[in-house]
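Dear colleague,

I am handing over the structure below, and I would be glad if you kept it open while reading the notes that come after it.

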Amino acid sequence: MGTAPPVLGLAGWAVSAIDYAWGPPPVAVLKQYGVTVVGRYVGPQAWGKTDTTGELQTLAAAGISTFLAFEAVANDSTGGYSAGQTNARLALASSPHPAFGISRPIYFAVDAAIDPQSAVAYFQGICSIIDPANVGDYGEGDLNQRLH
């Protein structure tokens with residue numbers, strides 16, 4: 001039996017991008033670990049997990065880029081075309097900066113185990129509201145391949 005490899009904490013890794021929904025870490029900690037990109041959520045502030053204009057500005061001032069993902073519930077994508085339209089409008093209305101959805105993409109999360117084909121209508125609905133060049137999917141590889 002061999003010796004187990006050492007367990008490395010974050011200090012042993014070169015981190016460049018992370019995403020988080022709750023409890024944003026202090027910018028100083030992000031910088032300490034080499035984070036240059038942060039993924040956050042977009043949606044109504046009442047959800048509690050969404051990015052704010054202040055957080056976006058603080059990250060930008062520290063040289064940390066942000067990408068935004070929309071997710072109301074894990075199975076949003078099973079709602080079809082009209083759900084895609086509704087969620088696209090909600091994402092645009094609650095964006096912490098007007099560039100998202102216009103010149104920067106908004107990613108729409110698919111966290112449920114689904115048949116990728118079932119999400120096509122949902123993303124078609126999104127793309128009827130937001131230019132497809134500014135829409136991304138944030139999910140499994142099969143879904144990514146189906147949509148692209």
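The notes below go through the sheet and then the helices.

This is a predicted model, in which local features need pLDDT of at least 70 and side-chain atom pairs count only at pLDDT 80 or more, whereas totals for chains, interfaces and linings use all residues. Residues are numbered from 1 along each chain as its sequence is written, and side-chain values use heavy atoms, with hydrogens and water left out.

The model holds an open sheet of 5 strands in the order 1-2-3-4-5, with parallel pairing; strands are DSSP runs of E with at least two residues, helices are runs of H or I with at least four, both numbered from the N terminus, and two strands pair if DSSP finds at least two bridges between them. The edge strands, each pairing on one side only, are strand 1 (17-19) and strand 5.

Strand 1 pairs with strand 2 (residues 37-42) in the parallel sense over 3 bridges, and the bridge partner of D19 in strand 2 is G39. Strand 4 (residues 106-109) and strand 5 (residues 135-138) also pair in the parallel sense, over 4 bridges, with Y107 opposite G136.

The axes of helix 3 (residues 80-94) and helix 4 come within 6 Å and cross at roughly 40°, where axes are lines fitted to C-alpha atoms, for helices over the stretch in contact, and angles run from 0 to 180 degrees between N-to-C directions. The two helices are therefore oblique to each other, since angles under 35 degrees count as roughly parallel, over 145 as roughly antiparallel, 65 to 115 as roughly perpendicular and the rest as oblique.

Best wishes
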